[in-house]
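Please look at the sequence and the model together, and follow the report below one section at a time.

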Amino acid sequence: MTALVVAMDGPSGSGKSSASRGVARAMGLRYLDTGAMYRAITWWMLQRGVDLTDPAAIAAQVDEPSLVSGTDPDDPTVHVDGVDVAGPIRSQEVTGAVSLVAAVPEVRARLVAMQREIIGKGDIVVEGRDIGTVVAPDATLKVYLTASAEARALRRTAELNVEAGGPGGTTVEAQQAAMARRDTLDSTRKTDPLSMADGAVEVDTTALNLEEVIAEVLRLIGERS
Ligand code: C5P
């Protein structure tokens, strides 16, 4: 069998992370969270006080930090200048700013090259926005996960409440608005916008639980191997 590469794309809240990690675990594959790489660069830029409304300022600094992405689905680490930032990159501040950084072509060039190098060794599930279209168009299987805007906002609100240890300071309506803003930025940017790849299989997760999504992706992999 040739090296297996599974591309998992889709908008925020479509269930990509949980499904991708579940599939990787079930098959003993590596796992790469490319969104965490964009978040890590954004975290570093915020620490540095880079003006994120200025693409030239972002481009000028993008090669400065060292970046190392782990590929263990049970412990997806990302280190910036030697510091594991897996926790801080999930902050509201990073989430609100990441699409501005991810729209800068120089940022994408650096991260896409790193992603291709990691994927080159094969046997990996990769989640993101442009994996099937740009990063790994020859992937064994390309999945495009979707879900209704309401279902995505409900899931994200529940996740944030779990992280906060109880009902946090967010509502489903606020999450739906924040996600719509991020989706619009991600799908209308000039470089590598979010879109469904040629040959991708769309999986609508609105009415599916996590086990059902994982089972469907495993079935699709089985069809191709
Ligand atoms: O998946 P996650 O929500 O962590 O991604 C954070 C952001 O990183 C996305 O909203 C998008 O702006 C950017 N991203 C991207 N290309 C990828 C993965 C993520 O532009 N392959």
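## Basis of the model

This is a predicted model, in which local features need pLDDT of at least 70 and side-chain atom pairs count only at pLDDT 80 or more, while totals for chains, interfaces and linings use all residues. Residues are numbered from 1 along each chain as its sequence is written, and side-chain values use heavy atoms, with hydrogens and water left out.

## The domain in the record

An unreviewed UniProt entry places the feature "domain: Cytidylate kinase" at residues 6-221; such annotations may be inferred rather than shown by experiment. Over residues 6-221 the chain is 51% helix and 14% strand, and the end C-alpha atoms are 8 Å apart. Helices (H or I, at least four residues) and strands (E, at least two) are DSSP runs, numbered from the N terminus.

## Around the ligand

The shell around the ligand divides into 3 nonpolar, 4 polar and 8 charged residues, where Asp, Glu, Lys and Arg count as charged, Ala, Val, Leu, Ile, Met, Phe, Trp, Tyr, Cys and Pro as nonpolar, and the others, Gly among them, as polar. Helix H2 (34-48), helix H4 (92-102) and helix H8 (172-188) each supply at least two residues of this shell, and H2 gives its largest share, 4 residues.

A polar side-chain atom of Arg39 lies 2.6 Å from an oxygen atom of the ligand. For Arg129, the distance from a side-chain N or O atom to a ligand oxygen atom is 2.9 Å, and for Arg189 it is 2.8 Å. The protein buries 96% of the 460 Å² that the ligand exposes when taken alone, with areas from the Shrake-Rupley method and a 1.4 Å probe.

## The recorded binding site

Under "binding site", the unreviewed UniProt entry lists Gly10, Pro11, Ser12, Gly13, Ser14, Gly15, Lys16, Ser17 and Ser18. Gly13 is found in the loop between strand S1 (5-9) and helix H1 (16-27).

Definitions and conventions:
Polar contact = N/O pair within 3.5 Å; in protein donor to acceptor, adjacent residues only side chain to side chain.
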